[in-house]
Amino acid sequence: MKGLFKKSSKKLSVVSLIVIIVFLLTSSLSIYAGVMMQGFYWNVPAGGTWWDTLASKAYELKYMVGGYGINRIWFPPAYKGQGGANSMGYDPHDYYDLGQYYQDGTTETRFGSQSELKNAIAKYKSYGISVTEDIVLNHRSGGKSEYNPKTGTNTWTDFTNTASGKCQWHWDAFHPNNYCSSDEGTFAGFPDVCYASGPAYNDMKTWMNWLKSSSNAGFDSWRYDYVKGYGYWVVKDFNAATSPTFSVGEYWDANTSTLDWWANSSGSSVFDFALYYTLRDICNNTSGGGYLPNVFDYSKSYAAKNPFKAVTFVANHDTDEIIYDKMMAYAFILTYQGYPTIFWKDYYDYGLATGGGASPGGWGNGIKQLVWCREKLAAGSPNIEILKSDDGDLIIYGSKGYSTSSPGYIVVINDHPSQWKGAWVQTSNSYLKDKTLKAYAWSSTVSGQNVQPQNKYCDANGWVEVWAPPRGYAVYSVDGL
């Protein structure tokens, strides 16, 4: 009996080890699966209503279409800025004031009260949606004037005026001081925080852990603002100290090698500005003069180079430059590798959620259908194979399947100004072979061309002819899902 127990324990330990390994692998992949929503835009309505607005959309965003939706939402900076009721949070004054202290001319922030913030976060988390806080580390605002012996002048660096009584720094927490003469970058003339010495390094780690507590806020992940302004080691250290479920840095640069250096050095994901500018130039060239295969070029797309660190987007609160045919850009980021972000205004204000309508069958144009394609057909994590990239107006690629219920898809994007384009391609996806394929999502801005492509048969060897309308796209998968 004793020997049997030892043998059973050994078997159990092996099984446990396998379970642990599988859990770690799937947990790692899940970090990059899904879709994020930027839950604000520049100058959202003032008056303290935004947290309530966000809370009211939680169910809808979780279940956009067919039971699928986002898995993460990014909130604006939640604390009191110097601008008070008008502040968007990028002028941080009192980090611990989430709308519960009267200062800077207001008690609530532009977005609302602390209790309303906590309610909004709790609402999203109740639906399994992670909530990301925008963290502004580079600079601070709203301090009183004091003498700075390093500059021999007065600087606005006396923060003993915070109502919370926290992070009451002086000049020696900023550049320049006895240890920090300058750093990677300053922003808009604000006092520039120093993390190499002074109280900021430890205070901000403490504060970020405070933000994670549901008693205070309940955030679980970070979006780091203007990371060019301080060393990558700050993000690396702060992530180590706060254990976020996810983090992404705003390194505003289109050089994919630079983005890769920062992401790997900091241990954080990074926004894919390279792909953003590539998509901008393609979409805004309405004559079809853009070169579509650039989206697969490692030098023009960080998602192509390092999909596990790339957070893709087509607009945000700082830059919204894709004026024409933005749905082509969404079609790409929502069906390609990397972690895609939906911009609030595109979804709610610009009519791109449904793209102006859908077919009676419930499919067709818009962000919702593309989210369904990614989440349902590719299990939230596309595994990409490029099928055609030798035509400047046409790209075709696919996501390999995971099961009969998530069989993957084939995507066709066509930026020709007037002609339907397609090609015969061969997929290696066994779930699509010997099947009739249906276009579950499609769009075109060309008059009269925004119609569903015909069903296509994919033969047993994986050969299929797929098409997309001009200045549009089509996403094919197994008919009958």
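Modeller: Let us start with aspartate 346, which is buried, because its relative accessible area is 0%. Please keep in mind that this is a predicted model.

Biologist: What does aspartate 346 form a salt bridge with?

Modeller: Its partner is lysine 326, and the closest N and O atoms are 2.7 Å apart. Lysine 326 lies in helix α10 and aspartate 346 in helix α11, so the bridge ties together parts that are 20 residues apart in sequence.

Biologist: And is lysine 326 buried or exposed?

Modeller: Lysine 326 is buried, with a relative accessible area of 9%.

Biologist: How many salt bridges are there?

Modeller: The structure holds 13 salt bridges. One of them is between glutamate 321 and arginine 280, at 3.0 Å from N to O. Glutamate 321 sits in the loop between β11 (310–312) and α10, while arginine 280 belongs to helix α8 (residues 273–283), so this pair ties together parts 41 residues apart in sequence.

Biologist: How accessible are glutamate 321 and arginine 280?

Modeller: Glutamate 321 is partly exposed, at 33% relative accessible area. Arginine 280 is partly exposed as well, at 22%.

Biologist: What does lysine 421 pair with?

Modeller: Lysine 421 forms a salt bridge with aspartate 391, and the closest N and O atoms are 2.7 Å apart. The pair links distant parts of the chain, with lysine 421 in strand β16 (residues 421–426) and aspartate 391 in strand β13 (residues 384–391), 30 residues apart.

Biologist: Why do these two count as buried?

Modeller: The cut-off for buried is under 20% relative accessible area. Lysine 421 counts as buried because its value is 17%, and aspartate 391 because its value is 19%.

Biologist: Which residues do salt bridges with shared partners join into one network?

Modeller: That network consists of Asp134, Arg223, Asp225 and Glu250.

Biologist: Changing topic to the cysteines: how many disulfides are there?

Modeller: The count comes to 1 disulfide. Cysteine 180 is joined to cysteine 194, with an S to S distance of 2.1 Å. Each of the two lies in the loop between β7 (153–158) and α5 (200–212), 14 residues apart. Both cysteine 180 and cysteine 194 are buried.

Biologist: What about cysteine 373 itself?

Modeller: Cysteine 373 is in no disulfide, and the nearest cysteine sulfur, that of cysteine 458, is 17 Å away. Cysteine 373 counts as buried, at 0% relative accessibility.

Biologist: Where does cysteine 373 belong?

Modeller: Cysteine 373 is one of the buried residues of α12, among them also Trp372 and Arg374.

Biologist: What do the buried residues of α12 pack against?

Modeller: They pack against α10 (326–335), β12 (339–343), α11 (344–349), β15 (409–414), β17 (435–444) and β20 (472–478). Just after α12, alanine 379 takes a positive phi of about 55°.

Biologist: Since β12 has come up, where does threonine 341 lie?

Modeller: Threonine 341 lies in strand β12 and is buried, at 3% relative accessible area. Its contacts beyond four places in sequence include Met36, Phe271 and Tyr330.

Biologist: On to the tryptophans: is tryptophan 51 buried or exposed?

Modeller: Tryptophan 51 is buried, at 0% relative accessibility. This residue is in helix α2 (residues 50–56), and its contacts beyond four places in sequence include Phe75, Phe111 and Leu117.

Biologist: And which residues make the nonpolar surface patch?

Modeller: Tyr232, Trp233 and Trp261 make a patch of about 300 Å². Tryptophan 261 is found in helix α7 (residues 256–266) and is partly exposed, at 42% relative accessibility.

Biologist: Finally, what is the mean pLDDT of the protein chain?

Modeller: The mean is 91, and 91% of the residues reach 70 or more. Over residues 1–31, however, the pLDDT is below 50, and this stretch has 6 contacts beyond near neighbours in sequence. Residues 357–362 also have pLDDT below 50.

Definitions and conventions: Residues numbered from 1 in each chain as written. Predicted model: local features only at pLDDT ≥ 70, side-chain atom pairs only at ≥ 80, totals over all residues. Heavy atoms only, no water. Buried < 20%, exposed > 50% of the residue type's maximum accessible area, 1.4 Å probe, protein only. Helix = DSSP H or I, 4+ residues; strand = E, 2+ residues; numbered from the N terminus. Contact = heavy atoms within 4.5 Å. pLDDT = per-residue confidence, 0-100. Patch = residues over 30% accessible without salt bridge, like charges linked within 9 Å, V, L, I, M, F, W, Y side chains within 5 Å. Areas by Shrake-Rupley, 256 points an atom, 1.4 Å probe, with all protein chains shown as cover. Salt bridge = Lys/Arg side-chain N within 4 Å of Asp/Glu carboxyl O. Disulfide = S-S within 2.5 Å.
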